[in-house]
Each structure stands twice: as structure tokens, then as C-alpha cells.
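Thanks, everyone, for making the time.

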Amino acid sequence: EEVEETYIMIKPDGVQRGLVGEIISIFEKKGFKLTGLKLFQCPKELAEEHYKDLQSKSFFPKLIDYITSGPVVCMAWEGIGVVASARKLIGATNPLNAEPGTIRGDLAVQTGRNVVHGSDSPENGKREIDDNTALRLHFGVITPSVEIVIG
Ligand code: DAT
Ligand code: MG
């Protein structure tokens, strides 16, 4: 049980449907720590880099069109076991297979409109937040946590 970071992205449909607050709230209530947040129009090249593992899939062009179709909310969340836990909170890739109580299970129907992305491993979490030069450049806003000391 290690402190990890995961990259969570609310996809264009989630932003357009006004689900940003609800989705952020799920991770906040679980107890994870928000360490970075940005509303961002993803350029095509960055979307292709983000999903490069899926390059050979037939749905790849549609996936890129979808992700670049409107602003996304890019977030970094930190906590013990946050990568796997966030994947559980998000639910299965196909929302019709996602359990009720999960984000995709409750809020989505189509795989191609599944509202939210979450890193699938601590390594990819790190890559998606830190190691990817383009993402870091655009994400840019990750700030060290601020400690408020009273008294
Ligand atoms: P996940 O987002 O659950 O990690 P993934 O990494 O396998 O799933 O795929 C990334 C995204 O690509 C997924 O959220 C939606 C899209 N996608 C995956 N499989 C698909 C398919 N069979 N048809 C259409 N879109 C698909
Ligand atoms: Mg994935």
C-alpha cells in the first residue's frame, strides 16, 4: 500500500453534460487528494500520444476525434492505492458492463462516450502526469500541496 498518483481526465461529454462537480466529488469523498487540475482543449498530437497504445485499433480515429471534440478536465489525484481504487470508482470500459455505483455504471451508456479516463497502472499514472513532456507542458499546473498552519 503505497502513495501513488493517478491521472484522471473528465472527457468532453462529461464536461458538456455538467458532470465535473459530481465526478470530482466522488474522488474527494473517497478521501483522495487533488494535486492538479486544469480545463484543457487537448490538441490532436497530445491525444494521439496519450492513447498511443491503442494506435492500431479500428476505433482509434474516432477516439481521437472524441477526446479533442471539446474541453477536458485534467486532474492528478494522490493517495494510497489511488490507481486501482480510481479504476474501481470509474467502472468497466463499456458502461453497459460497469456496475451500478460506479461513474460509468451510473452516468454513461456507450464505450465511445464513457465520461472519464483513469490511469491503468502506477507506471502509466506517472507517465501520464510526469514523464510525458507534452502532457507536463500542457498540464503545467500541478502545484505542491499547500499546508495551512493555524496558530
Ligand atoms: P479504459 O478507458 O477503461 O482504460 P482502454 O484503455 O482499453 O479503456 O481504452 C481507452 C478508451 O478507448 C476507452 O475509454 C474508450 C475507447 N475504447 C476502448 N475500447 C473500445 C471499443 N471496443 N470501441 C470503441 N471505443 C473503445
Ligand atoms: Mg486505459
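Which residues surround ligand 1? Please keep in mind that this is a predicted model. In it, ligand 1 is surrounded by Leu54, Phe59, Leu63, Thr93, Thr111, Gly112, Asn114, His117 and Asp120, and this shell divides into three nonpolar residues, five polar ones and one charged one.

Let me set beside that what the database says. The unreviewed UniProt entry lists Lys11, Phe59, Arg87, Thr93, Arg104 and Asn114 under "binding site", and I will take two of these in turn.

Asn114 sits in the loop that runs between helix H6 (103–107) and strand E4 (116–118). It counts as buried because 23 C-beta neighbours lie inside 10 Å, where the cut-off for buried is 20 or more. Leaving out residues up to four places away in sequence, Asn114 touches Thr93, Pro95, Arg104 and Ala108.

Arg87, by contrast, belongs to helix H5 (residues 82–90), and it is partly exposed, with 17 other C-beta atoms within 10 Å. Beyond its neighbours within four places in sequence, Arg87 is in contact with Gly118 and Asp120, and Asp120 is also one of the residues around ligand 1.

Finally, the strands. Seven of the eight residues of strand E1 (residues 3–10) are buried, so E1 is largely enclosed by the rest of the structure. E1 pairs with strand E3 (residues 72–80) in the antiparallel sense over eight bridges, with Glu5 standing opposite Glu78. E1 also runs antiparallel to E4, joined by three bridges, and there Met9 has His117 as its bridge partner, a residue that we already met around ligand 1.

How values were computed:
Residues numbered from 1 in each chain as written. Chains lettered and ligands numbered in written order. Predicted model: local features only at pLDDT ≥ 70, side-chain atom pairs only at ≥ 80, totals over all residues. UniProt positions renumbered as here; feature names shortened; annotations may be inferred. Helix = DSSP H or I, 4+ residues; strand = E, 2+ residues; numbered from the N terminus. Buried ≥ 20, exposed ≤ 12 C-beta atoms within 10 Å, placed from the backbone. Contact = placed C-beta atoms within 7 Å. Near = placed C-beta within 6 Å. Nonpolar A, V, L, I, M, F, W, Y, C, P; charged D, E, K, R; others polar. Pairing = 2+ DSSP bridges.
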